[in-house]
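Subject: Structure for your review, with notes on cavities

Hello,

Here is the structure we spoke about handing over.

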Amino acid sequence: MPVPVPQLGSFDYVPETKENLDWADLVTVDLSLYSTPEGKKQLAQTLINAIRNEGFLYVKNFNISQGRVNRQFALGKQFYELPLEEKEKYTPEGLDQGKFNGYIPAGRRIINLETGLRDKTEMYNIPKFTSDFPHIHPELIRKNLPEIEEFARALHTEVLDPLFVLLAIALELPEDYFTKIHQYSEKSEDHLRYMKYSKYSLEENKSLDNWGYGHTDLGSFTLLFHQPVAALQIRSHLDNEWKWVKPQDATLTVNACDALQFLTAGYVKSTIHRVTVPPLDQQHVDRLGLLYFSRPHNDVTLGTIKDSPVLKREGFTKNEFEISENPVPTMEEWTFAKQKWQRTKGYHGDAKYRNAVILPGFAEKPYV
């Protein structure tokens, strides 16, 4: 039952680009087919092919109305209109140590070493609505928390649970294999994010190759809601070429992340992606994002799954930690080690940063 909601201003999406970009050819998982065994089998094959080849896919018919999505974008827009000093009250203590719930201010990274230009990316992360996490927010967010909670929980039941069932089917595991380690009630570092990329001037954009470096996400699946400013690019697993991701109406864009790569010894690949300079006809607007980051329970050890006949047949039996005979981290250990690296201040193009050892057995690499 939807909760009563306060009045919010409208959110208007900017026009899509008219430029002819080199778009990635991504498949769509249509969850309207999920209700039958035959449909599940078909979707499982579509999902596993997508996350092994391109790494990204679209999901549609996930039973969350566009109106509910629009209200979350409106909330994000209003949050970023708050004065900076108000937002900074909610910056987490321990940000440099990998803490991330709350407000992450812009300007922590230098993105052009010659000019000293800094990033203009802000984030507001809202954790799970369980007793494990305090919810201390500005009034705008606080008075809308019931609606935000309902939205976040719906993403689990309507999107993530079906995707985890499909992945289990594809790996010939019991259908509840992944849902058991992604229960909403258990402690994990999942979070909903409002993310704003403020626009740069035309001159600043000319000096930049990208707004953000290539990277992988550290969890299981990342959900990105449709927004029309073209800037997301992915690097195909097949040919290592960078392609633009085209915004699609009434869809989620989904990518696989590090935890699934570790659990499957690389059979599922964590997708390399970046945010680049938008096309010229969209450089005059800010880019507002709405995302959800899914992660296994904190106490899950990220060792290779031993029960999958598929992984055994295909020879995916050891991940990076196991091959190097280093301790296999828990999800909590991996999360805060990588988050600490990600939150490092300074110039992220530096080779020392790009090739840093996150934990013994795993070193990052430059993805451009």
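This is a predicted model: local features need pLDDT of at least 70, side-chain atom pairs count only at pLDDT 80 or more; totals for chains, interfaces and linings use all residues.

Rolling a probe the size of a water molecule over the atoms shows where empty space is left. Counting cavities of 30 Å³ or more gives two.

Largest cavity

The volume of the largest cavity is about 820 Å³. Its lining is made up of 44 residues, and M123, R193, M195, Y197 and H215 are the closest to the centre. By class, the lining of this largest cavity has 17 nonpolar, 16 polar and eleven charged residues.

Several strands and helices supply at least two residues each to this lining: the strands β6 (121-127), β7 (191-197), β8 (221-225), β12 (273-275) and β13 (287-293), and the helices α10 (331-342) and α11 (351-354). Which of these gives the most to the lining of the largest cavity? That is β13, with four residues.

Second largest cavity

The second largest cavity has a volume of about 120 Å³. It is lined by 15 residues, of which L224, Q227, V245, P247 and T253 are the closest to its centre. Here the lining divides into eight nonpolar, five polar and two charged residues. At least two lining residues come from β8, and at least two from β11 (251-256).

Regards

Key
Residues are numbered from 1 along each chain as its sequence is written. Side-chain values use heavy atoms; hydrogens and water are left out. On a 1 Å grid over the protein atoms alone, a cavity is a set of points where a 1.4 Å probe fits but cannot get out, and a pocket is an open set with protein on both sides within 12 Å along at least five of seven lines; lining residues have an atom within 4 Å of a point. Grid points are joined across faces, edges and corners, and a volume is the space filled by probe spheres set on the points. Ala, Val, Leu, Ile, Met, Phe, Trp, Tyr, Cys and Pro count as nonpolar, Asp, Glu, Lys and Arg as charged, and the others, Gly among them, as polar.
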